[in-house]
Amino acid sequence: MAHTTHHYVCIHGHFYQPPRENAWLEVIEKQDSAHPYHDWNERITSECYEPNATSRILDEDNVIRNIVNNYSKISFNFGPTLLSWMEVNARDTYEAILQADKDSIIRFGGHGSAIAQVYNHIIMPLANARDKETQVIWGIRDFETRFGRKPEGMWLAETAVDTETLEVLANNDIKFTILAPRQAQAVRKTGEEKWDEVNDHTLNTRQAYRCSLPSGKSIDLFFYNGDISQSIAFNGLLNDGKRFAETLLGAIDPQDEQQQLIHVATDGETYGHHHKHGDMALAFCLDYIEKNEKAKLTNYSQYLSLFPPTYEVQIIEKSSWSCVHGVERWRNNCGCNSGGHAEWSQQWRKPLRDAMDWLRDTTTTIFEREAVSILTDPWKARNDFVNVILRRNEHTIRHFLSQHAKENVSPVKVMYLMEMERNTMLMYTSCGWFFDEVSGIETTQVMEFACRVIQLARQLDDTDIEQQYIQHLEAAPSNVATYGNAARVYEKIVIPSLINLKRVGMHFAMSSIFEDEPEALTIFNYSTTSESIVKKAAGEQRLAVGMITARSLVTLSERKFAFAVIYLGKHNIIGNISIDMEPDNFTGMQFRMVKAFEEGRLGDVIGTMQMYFGPEKYTIWQLFSDEKRKILESIAQESMAELEQSLRKSYNSDYQLITALANNGLPIPNAYRSTFEYILNADLVKSFMAEKINIKEMERISAELTRWNLKIEDTEKLSRIAGESIWKELRRINSERENVKRLQRLNRLFPLLKKFALDPNLHKSQNQYFQMSKETHHQPTSEWSDQFALLGMNLGVKVS
């Protein structure tokens with residue numbers, strides 16, 4: 001084939017999640033809609049990001065014959081805010097993504113497949129010039145810190161583009177970006193004068209284009225194949241990896257003698273989250289193309305180095321890939337929505353955008369007024385603040401201050417200013433406008449960032465701007481009658497989540513009741529240290545009285561508090577806190593409360609609390625969400641343990657009686673059936689959670705469940721536990737390669753899983769097995785080899 005080397009295929013995945021972190025704690029709190037996972041980041045990582053780092057290629061018998069890192073063979077970008085989460089919460093996958101870029105540099109002639117992304121996915125044409133610049137600079141710095149090289153390309157949120165955005169990219173040495181075919185307006189061959197108008201059907205997407213800019217600079221643009229991309233995302237092309245590959249190869253124009261690039265772009269979550277096993281279809285497709293001689297895999301950077309553009313293009317201003325009306329989806333009721341509620345309108349979008357713009361402009365005035373006296377160049381300082389965000393510690397903060405702060409300036413005030421600006425960026429995250437309802441979690445999230453902006457502005461300026469902001473929100477109607485408008489959403493959902501140092505102090509006070517060593521705790525991004533703390537216990541009742549200092553690790557602000565908390569059992573906790581208690585008063589209060597508690601005078605304890613702290617009290621409901629759940633679950637577990645003990649006593653003492661009833665054909669009372677089912681389920685969980693999987697115990701439980709015709713209560717939860725247990729057992733086998741008994745015991749588990757109707761996630765175990773099969777730490781015995789091969793069959797992995 002004469003032109004084989006001139007035919008190329010590139011698949012781009014845009015991997016992104018909006019920042020979901022609590023605006024004050026900067027951690028993602030539990031999201032029940034992501035059940036059984038803690039939050040959506042964790043769920044989508046399990047369904048998509050991790051599988052694509054270790055994707056399966058199956059043989060004709062649907063057995064795994066290879067495990068590959070898809071990222072190393074495609075073009076991809078990951079949102080910086082997502083990567084910052086993965087770095088802490090999904091470290092193995094994070095490392096695999098970074099390694100994939102290194103591998104792609106070798107694979108694709110010195111050009112890495114990873115490209116950068118504008119920092120927190122704002123719609124660039126709707127941003128002002130300064131925000132555009134900061135978004136690009138922050139995205140580049142984040143990329144350089146993680147991937148260890150300069151990015152050649154950058155992904156624009158929703159591919160939303162205008163000329164000013166392209167100027168900012170070019171000014172920051174970005175060579176290319178990727179757009180939808182409908183975003184091209186006209187093309188011409190380089191050197192010619194006449195422009196030919198194009199649309200998404202007539203544009204030749206098989207080549208790169210150069211876009212000349214008013215400044216005299218230029219940037220290269222790729223327009224992906226819209227039809228195939230649509231089929232990948234929405235029309236079932238991922239149901240068959242071979243058809244996916246042949247569809248891409250079939251897009252090559254046999255009449256075109258020039259080099260051709262067949263390339264597609266979709267949300268990366270398409271490959272596994274939106275389409276189950278989409279990662280495997282992608283892996284098969286890439287493998288098929290590599291083995292086929294019709295085209296070579298490439299990435300955009302390599303293709304540009306081989307074939308610089310010979311055509312120029314003009315873009316359609318303020319256009320995007322997910323709104324046929326340009327960028328109206330993020331500022332108007334244009335008709336674009338997710339389609340879940342046809343009767344809903346999105347009239348709220350424009351008033352919400354107006355409210356955010358008003359808040360940005362108002363706080364910009366505060367920023368410029370306050371920053372001019374303490375920072376040498378306020379806007380350059382903002383651009384450089386990403387270095388602190390990336391590695392927030394005393395060293396980076398000190399270095400930032402030495403570069404940008406004037407002499408004898410309060411570090412706290414500098415941090416207030418910078419954090420106000422950072423949260424101003426975050427409140428423009430595109431997802432806040434993308435969906436259908438103003439009370440949705442994505443929209444309340446951006447309002448939460450706005451609330452944080454207002455709180456920080458209040459520290460810098462006496463003017464209370466919150467009421468004016470709320471007035472703007474009143475113009476944004478909700479489709480949910482409970483709320484009526486965005487102002488009510490803000491008041492009912494956002495304001496209750498607001499956190500200040502006083503609430504941190506109260507949280508510490510409440511938590512100290514349940515902590516063994518509460519003298520110094522780090523509570524998310526707050527640190528607490530205690531000067532004097534006394535804890536007492538009498539049965540299940542507990543008392544904690546102390547003096548603590550709470551400090552924000554973000555703004556560096558700190559406050560000292562006196563506190564007293566009494567735990568009365570179950571979920572009954574009463575606490576008080578005071579900002580300005582004098583040391584002498586504190587000493588007297590502490591003495592009186594401890595004495596009253598030790599003498600069993602609980603009424604006097606509560607009376608003393610009220611005398612020193614006033615009538616305002618805190619309860620368990622004031623704790624931060626995840627910590628509140630943790631403590632409530634701990635209390636519930638204690639009660640459940642008591643219940644289990646009681647039921648187990650009945651199970652053990654009455655077992656022979658129930659056997660006699662059954663043997664004589666008498667009906668077994670439902671209370672006994674429920675007792676047996678509960679105990680057997682509890683025993684099954686324990687057998688998985690043990691240091692080594694207890695197969696004999698499982699076999700007993702299986703026989704008992706069958707004998708009494710009982711069932712597993714929560715197969716989904718137990719399947720997850722089983723998957724983790726199998727993986728842990730496999731790791732133990734890996735560290736004890738000579739121990740054939742461990743292998744035999746694990747193989748005995750798989751028939752039991754079928755009996756229990758459990759479907760564990762074996763992904764990590766398959767990865768571990770595949771890795772073990774490639775390593776030769778010892779010369780295995782024939783018995784070990786046979787058992788290892790049987791384990792491969794049980795796990796669905798075939799190795800040579």
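Colleague: What am I looking at, and what do the values rest on?

Modeller: A predicted model: local features need pLDDT of at least 70, side-chain atom pairs count only at pLDDT 80 or more, and totals for chains, interfaces and linings use all residues. Residues are numbered from 1 along each chain as its sequence is written, and side-chain values use heavy atoms, with hydrogens and water left out.

Colleague: How many salt bridges are there in the whole structure?

Modeller: The search finds 61. A salt bridge here is a side-chain nitrogen of Lys or Arg within 4 Å of a carboxyl oxygen of Asp or Glu.

Colleague: Why would such side chains pair?

Modeller: Side chains of opposite charge can pair when their charged atoms come close.

Colleague: Which residue does Glu491 bridge to?

Modeller: Arg488, with the closest N and O atoms 2.8 Å apart. Both sit in helix α18 (residues 486-494), three residues apart, about one turn of the helix. Helices are DSSP runs of H or I, at least four residues, numbered from the N terminus.

Colleague: What about Arg700 and Asp683?

Modeller: They form a salt bridge, closest N and O atoms 3.1 Å apart. Arg700 lies in helix α24 (residues 695-708) and Asp683 in helix α23 (residues 670-689), so the pair ties together parts that are 17 residues apart in sequence. Arg700 is partly exposed at 30%, while Asp683 is buried at 9%.

Colleague: And how far apart are Arg551 and Glu558, N to O?

Modeller: 3.5 Å, in a salt bridge. Arg551 has 27% relative accessible area, and Glu558 has 47%.

Colleague: Which residues are linked in a network of salt bridges?

Modeller: Glu87, Arg91, Glu95, Asp142, Arg146 and Arg391.

Colleague: Switching to cysteines. How many disulfides are there?

Modeller: Zero in the whole structure. The test is a pair of cysteine sulfur atoms within 2.5 Å.

Colleague: Where is the nearest cysteine sulfur to Cys48?

Modeller: On Cys431, 15 Å away. Cys48 itself is buried, with a relative accessible area of 0%.

Colleague: Now packing. At what angle do α10 and α17 pack?

Modeller: About 160 degrees, with axes 8 Å apart; α10 covers residues 349-371 and α17 residues 466-473. Axes are lines fitted to C-alpha atoms, for helices over the stretch in contact, and angles run from 0 to 180 degrees between N-to-C directions. The two are therefore roughly antiparallel, a label for angles over 145 degrees.

Colleague: Which residues meet there?

Modeller: From α10, Pro351, Leu352, Ala355, Met356, Trp358 and Leu359; from α17, Gln468, Tyr469, His472 and Leu473. Contact means heavy atoms within 4.5 Å.

Colleague: Last one. What does Thr134 touch?

Modeller: Arg382, Asn383 and Met425, not counting residues up to four places away in sequence. Thr134 is in helix α4 (residues 129-147) and is buried at 1% relative accessibility.

Methods
Buried means under 20% relative accessible area, exposed over 50%, partly exposed in between (1.4 Å probe, protein chains only). Angles under 35 degrees count as roughly parallel, over 145 as roughly antiparallel, 65 to 115 as roughly perpendicular and the rest as oblique.
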